[in-house]
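These are my notebook entries from an afternoon with one model.

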Amino acid sequence: MGSLEQTVHSTGHHGPASGITRWLYTTNHKDIGTLYLIFSLTMFFIGGCMALTIRAELFQPGLQLVRPEFFNQMTTSHGLIMVFGAVMPAFVGLANWLIPMMIGAPDMALPRMNNWSFWILPFAFFMMLSTLLMEGGGPNFGWTFYAPLSTTYAPPSVTFFIFAVHMMGISSIMGAINVIATILNMRTPGMKLMDMPLFVWTWLITAFLLIAVMPVLAGVVTMMLMDIHFGTSFFDAAGGGDPVLFQHVFWFFGHPEVYIMILPAFGVVSEIIPTFARKRLFGYTSMVYATASIAILSFIVWAHHMFAVGMPLAGELFFMYTTMLIAVPTGVKVFNWVATMFRGSMTFETPMLFALAFVVLFTIGGFSGLMLAIAPADFQYHDTYFVVAHFHYVLVPGSVFAIMAAAYFWLPKWTGHMYNESMGKLHFWLSFIGVNVTFFPMHFLGLAGMPRRIPDYALQFADFNMVATFGAFLFGFSQLVFVYNVISCIRSGKQATDKVWEGSHGLEWTLPSPPPYHSFTEPPVFKHPYKENG
């Protein structure tokens with residue numbers, strides 16, 4: 001019996017366990033990355049169904065399908081699920097899959113903690129979604145859960161929501177610690193920090209942001225909990241508190257959070273564009289410094305979400321100028337991507353199409369962000385559909401398109417099979433058209449004065465809302481093409497080469513496709529990708 005156990009133990013290191021236990025107990029970075037990506041895709045569809053409920057209600061003026069309080073629950077849950085359940089776990093999944101392979105590490109630094117940080121998430125979101133079935137309904141106060149809406153006037157289920165947020169925060173902090181420990185300690189010999197792929201750099205910076213701001217979110221929801229159950233008055237003016245304090249604390253978390261969702265996307269695009277332009281990334285060093293400066297500046301711009309609360313003029317000016325300042329490093333990045341493509345021998349496979357759409361549409365979102373940064377103009381735009389248009393342009397063709405680009409780019413490496421290119425292009429064009437038809441009209445709705453978070457609206461907004469709803473359903477249902485393509489790629493599909501893409505470089509492309517269960521049993525020899533050819 002002892003010898004049998006030894007045999008099982010010695011062979012267990014070379015491959016995964018069988019059945020469900022493989023996924024429950026796994027400490028392998030690829031398995032955990034896969035779990036994150038599947039979880040993220042599931043949440044993306046749940047959040048998407050909520051978005052389609054919102055858009056179906058707004059198809060015509062008047063109340064059609066759902067009651068106003070349920071509409072509020074949908075807007076709140078949609079925002080929370082897309083931010084914390086779809087975008088963030090997708091980037092953590094990419095980090096788990098790619099960082100060890102990109103830096104030549106055998107696995108993540110803290111594999112058991114890695115398993116734990118994933119398995120907290122399904123329980124957190126099950127708890128959050130279950131609030132929709134509780135008496136009084138789920139959270140109905142907007143994804144930013146401003147007090148006193150989320151304290152004095154909230155449904156009883158808000159306590160479950162607070163607990164779910166705590167669990168998500170714990171998961172994020174553990175994931176971030178793991179990323180930092182891996183990158184700083186486990187790079188292959190010869191790889192200096194300034195030799196790392198840009199995706200790894202963006203994740204290193206993002207991980208520090210997560211560790212800095214997740215405790216702030218935990219603090220603000222704990223203060224809510226105390227106000228609701230323990231008689232404190234942090235956000236209650238009658239007891240000497242201040243509801244605006246909630247906004248300050250929340251946005252001190254919330255603005256860096258926005259960059260947590262976009263910096264890894266910058267990293268993905270910085271891997272893809274040089275590959276399909278067949279050129280080295282233009283201005284690598286400036287890209288690293290730009291990413292770091294975006295992260296630092298993100299801590300001093302939070303109150304631009306609060307221009308309308310009656311801040312002192314000096315405060316409004318400070319936050320107006322710092323917000324405009326953050327456009328500079330972002331502009332550096334866009335310039336570098338364009339310069340990388342300039343005179344490159346470009347081809348337009350699906351990952352490149354998504355990356356190009358990212359650059360163009362994210363820039364549009366950036367310009368509307370600059371408009372919102374101008375305090376006197378923001379008084380007009382505040383809480384209108386212009387804001388909805390702005391942040392969806394940054395997050396959907398921004399974060400979501402980058403995640404899709406990454407999926408198409410690395411899927412052949414992960415599975416060993418090529419996806420169907422023409423189906424990928426179909427998915428891209430349907431998504432591209434759907435996103436623009438959905439969100440571009442919202443700029444005009446906002447400029448015309450349509451307030452956000454309302455189930456009914458004045459007659460003059462009807463036409464643009466009808467167009468936006470058509471676009472939303474087109475975008476939503478086109479994601480089924482993506483799912484079908486991914487599943488058929490995993491099951492069959494043409495055998496992928498090890499290098500996959502002609503212009504690819506970096507350690508992950510030196511591994512076979514699919515990579516072995518343990519990527520690098522001994523540290524690979526690192527050669528700077530551009531040193532050999534000058």
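This is a predicted model: local features need pLDDT of at least 70, side-chain atom pairs count only at pLDDT 80 or more; totals for chains, interfaces and linings use all residues.

**Entry 1: a pair of helices.** I began with α16 and α17, which are roughly antiparallel to each other. I looked up the numbers behind that description and found an angle of about 155 degrees, with the axes of α16 and α17 8 Å apart. Since the cut-off for roughly antiparallel is an angle over 145 degrees, I could see why this pair of helices is described that way. I noted for myself that two packed helices are described by the angle between their axes and the distance between the axes. The crossing of α16 and α17 is left-handed, and the residues of their contact divide into 19 nonpolar, 10 polar and no charged.

**Entry 2: another pair of helices.** I then turned to helix α5 (residues 111-130) and helix α6 (residues 158-185), which pack at an angle of about 160 degrees with their axes 8 Å apart. That angle makes α5 roughly antiparallel to α6. For the handedness of the crossing of α5 and α6 I wrote down left-handed, and for the contact of α5 with α6 I wrote down 19 nonpolar, five polar and no charged residues.

**Entry 3: the whole chain.** I stepped back to the protein chain, whose secondary structure comes to 17 helices and zero strands. The radius of gyration of the chain is 23 Å, close to the 24 Å that the globule rule gives for 534 residues, so the chain is as compact as a globular protein of that length. Along its principal axes the C-alpha trace spans about 70 × 65 × 45 Å, and buried residues make up 57% of the 534 residues.

**Entry 4: salt bridges.** My next topic was charge, where side chains of opposite charge can pair when their charged atoms come close. How many salt bridges does the structure hold? I found six, and I followed some of them by residue.

One of them joins E502 and R278, whose closest N and O atoms are 3.5 Å apart. E502 lies in the segment after α17 (462-491) and R278 in the loop between α9 (263-277) and α10 (284-297), so this pair ties together parts that are 224 residues apart in sequence. I also checked the accessibility of both partners: E502 counts as exposed at 62% relative accessibility, whereas R278 is partly exposed, with a relative accessible area of 27%.

In another salt bridge the side chains of R453 and D383 meet at 3.6 Å, N to O. This pair links distant parts of the chain, with R453 in the loop between α16 (421-447) and α17 and D383 in the loop between α14 (375-381) and α15 (385-415), 70 residues apart. R453 is partly exposed at 32% relative accessible area, and D383 is partly exposed at 34%.

I also looked up K425 and E421, whose side chains meet in a salt bridge of 3.2 Å, N to O. Where do K425 and E421 lie? I found both in helix α16, four residues apart, which is about one turn of the helix. K425 counts as partly exposed at 29% relative accessibility, and E421 is partly exposed with a relative accessible area of 22%.

Terms used
Residues are numbered from 1 along each chain as its sequence is written. Side-chain values use heavy atoms; hydrogens and water are left out. A salt bridge is a side-chain nitrogen of Lys or Arg within 4 Å of a carboxyl oxygen of Asp or Glu. Helices (H or I, at least four residues) and strands (E, at least two) are DSSP runs, numbered from the N terminus. Buried means under 20% relative accessible area, exposed over 50%, partly exposed in between (1.4 Å probe, protein chains only). Axes are lines fitted to C-alpha atoms, for helices over the stretch in contact, and angles run from 0 to 180 degrees between N-to-C directions. Angles under 35 degrees count as roughly parallel, over 145 as roughly antiparallel, 65 to 115 as roughly perpendicular and the rest as oblique. A crossing is left-handed if the near helix is turned anticlockwise from the far one by less than a right angle, and right-handed if clockwise. Ala, Val, Leu, Ile, Met, Phe, Trp, Tyr, Cys and Pro count as nonpolar, Asp, Glu, Lys and Arg as charged, and the others, Gly among them, as polar. The radius of gyration is taken over C-alpha atoms; the globule rule is 2.2 Å times the number of residues to the power 0.38.
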